[in-house]
Amino acid sequence: MRAIIIGAGIGGLTAALTLRRAGYDVQVFEQTSALREVGAGIQISPNGSRLLQRVGLGPALARRAVRPGAMVMRRWQDGAVLSSQTLANLCESSFGAPYYHLYRPDLLALLAEALPADVVRLGHQVIDVFPREDSVEVRFAHGVSTTADLLIGADGLHSSVREVLFGAESPRYSGTVAYRGLVPAERLPQLGTSHNMNGWLGPQRHFMQYYVAAARYVNFVGIAPAAHKHVESWSAQAPVAECLAEFADWHPEIQSIIRAVEVTGRWALYDREPLAHWSLGRVSLLGDAAHAMLPFMAQGAVQSVEDAFVLAKCLEHAHHSSIPEALVRYETIRRPRVSQVQARARENAHTFHLPDGEAQRQRDAELAAVAGTNPLLASTWLYGFDAEAEFG
Ligand SMILES: Cc1cc2nc3c(=O)[nH]c(=O)nc-3n(C[C@H](O)[C@H](O)[C@H](O)COP(=O)(O)OP(=O)(O)OC[C@H]3O[C@@H](n4cnc5c(N)ncnc54)[C@H](O)[C@@H]3O)c2cc1C
């Protein structure tokens, strides 16, 4: 049977791999003329890496990723350690899979390289989708159309497929932006060789720093408040001085990381309310198109990988007539879990950014208490999850 996927992001490409494994003839249509991911880092936790290993990407991931030693949370002003969670080796022994930090274009490239060359069609912008009883038709901006037995909208936050299925609805602006930068690691020798991830929490802001691209670069993300009217576009750049000013009173190590960068990206952060349904007949959604979330759990892409594996499991024994039923099963399995992650990400937007004072002290005490036992245990529901396991 023929499956069409709209969007060649991390979610769409992973779904192409899993649906091919389930026996589908897959075509991915991507609007851009080249496969693109923003030049920044991404965290892939064990619940995602275990699945990517299953489609044969283990060796390539291990070559291109960094395995962080620990995730160290610090106080914004004096750098005091609030918690330290070991990751390398402990993730493998506790959850059977590694925690990885990757350069996004590397991840996209290794997903694309695992597919036959003719699967992804670039320069195909979808302008309309017509779900029918027996098939689904898709129309492109250059006037061509095609049909398939099923269609998956993996077309991101501003998904057109979602709009066709459920109508237009604006995403929710979080009131925060992410300043992002990549610094060649040799410019920051003071960070040492442990390859830990450092997260700094402070009033209204937080700052994360970790290594990517086999530790050749230090990636940083600084979250700061911003009124909507200041944000021009989803992928705008900002002067380095603006990012520096946002973290002016913060620890000198943060200042030194920002000073070492040449270009700073500035992304406005949006999410959406959980959808009541993802599917209509032979059409469904996956990844950000289905469940855009704030990045404060580092799970948006990982959840799209989980989606792709559950989708393929639901479809592997489907017949032409049972595809709509299989898609309902897919969303029924996935909705509770991604809604939980979406909600946790919103909660973190609050707890990460508490002002100095009693509530912040209480949060720090809780972080320290978790770190004192086995901090990874608290993440078992997330990192220990095997999206394919319930299928046996
Ligand atoms: C600051 C920040 C940090 C993050 N950190 C992490 C992290 O550490 N770990 C993690 O798991 N997640 C993280 N995320 C979330 C993650 O980036 C997203 O959840 C993920 O990239 C979504 O992938 P996707 O494939 O669903 O959509 P996208 O990557 O948005 O891909 C959608 C694709 O569809 C194409 N498209 C759109 N419309 C059309 C059309 N009409 N026709 C054809 N093609 C179309 C687009 O061009 C694009 O290629 C972070 C997000 C942000 C903003």
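A polar contact is a pair of N or O atoms within 3.5 Å; within protein, one atom must be able to donate a hydrogen and the other to accept it, and residues adjacent in sequence count only if both atoms are side-chain atoms. The views below come from a predicted model, in which local features need pLDDT of at least 70 and side-chain atom pairs count only at pLDDT 80 or more, while totals for chains, interfaces and linings use all residues. Residues are numbered from 1 along each chain as its sequence is written, and side-chain values use heavy atoms, with hydrogens and water left out.

**View 1. Residues around the ligand.** Of the 31 residues around the ligand, those that come nearest are Gly11, Glu30, Gln43, Arg104 and Asp288, where a residue is near a molecule or strand if one of its heavy atoms lies within 4 Å of it. A polar side-chain atom of Asp288 lies 2.7 Å from an oxygen atom of the ligand. A polar backbone atom of Val126 is 3.0 Å from a nitrogen atom of the ligand, and a backbone N or O atom of Gln31 lies 3.1 Å from a nitrogen atom of the ligand.

**View 2. Helices H1 and H9.** Helices (H or I, at least four residues) and strands (E, at least two) are DSSP runs, numbered from the N terminus. The axes of H1 (residues 10-21) and H9 come within 8 Å and cross at roughly 25 degrees, axes being lines fitted to C-alpha atoms, for helices over the stretch in contact, with angles that run from 0 to 180 degrees between N-to-C directions. H1 and H9 are therefore roughly parallel to each other (angles under 35 degrees count as roughly parallel, over 145 as roughly antiparallel, 65 to 115 as roughly perpendicular and the rest as oblique). The contact, meaning heavy atoms within 4.5 Å, includes Ile10, Gly11 and Thr14 of H1 and Ala301, Ser304 and Val305 of H9.

**View 3. Helices H9 and H10.** The axes of H9 (residues 300-315) and H10 (residues 323-351) cross at roughly 155 degrees and come within 9 Å, and the two helices are therefore roughly antiparallel to each other. Among the residues that meet here are Gln303, Glu306 and Asp307 in H9 and Ile323, Ala326 and Leu327 in H10.

**View 4. Helices H2 and H4.** The axes of H2 (residues 46-64) and H4 (residues 104-113) come within 10 Å, crossing at roughly 135 degrees, so H2 and H4 are oblique to each other. Leu52, Leu57, Ala60, Leu61 and Arg64 in H2 meet residues of H4 that include Asp106, Leu107 and Ala109.
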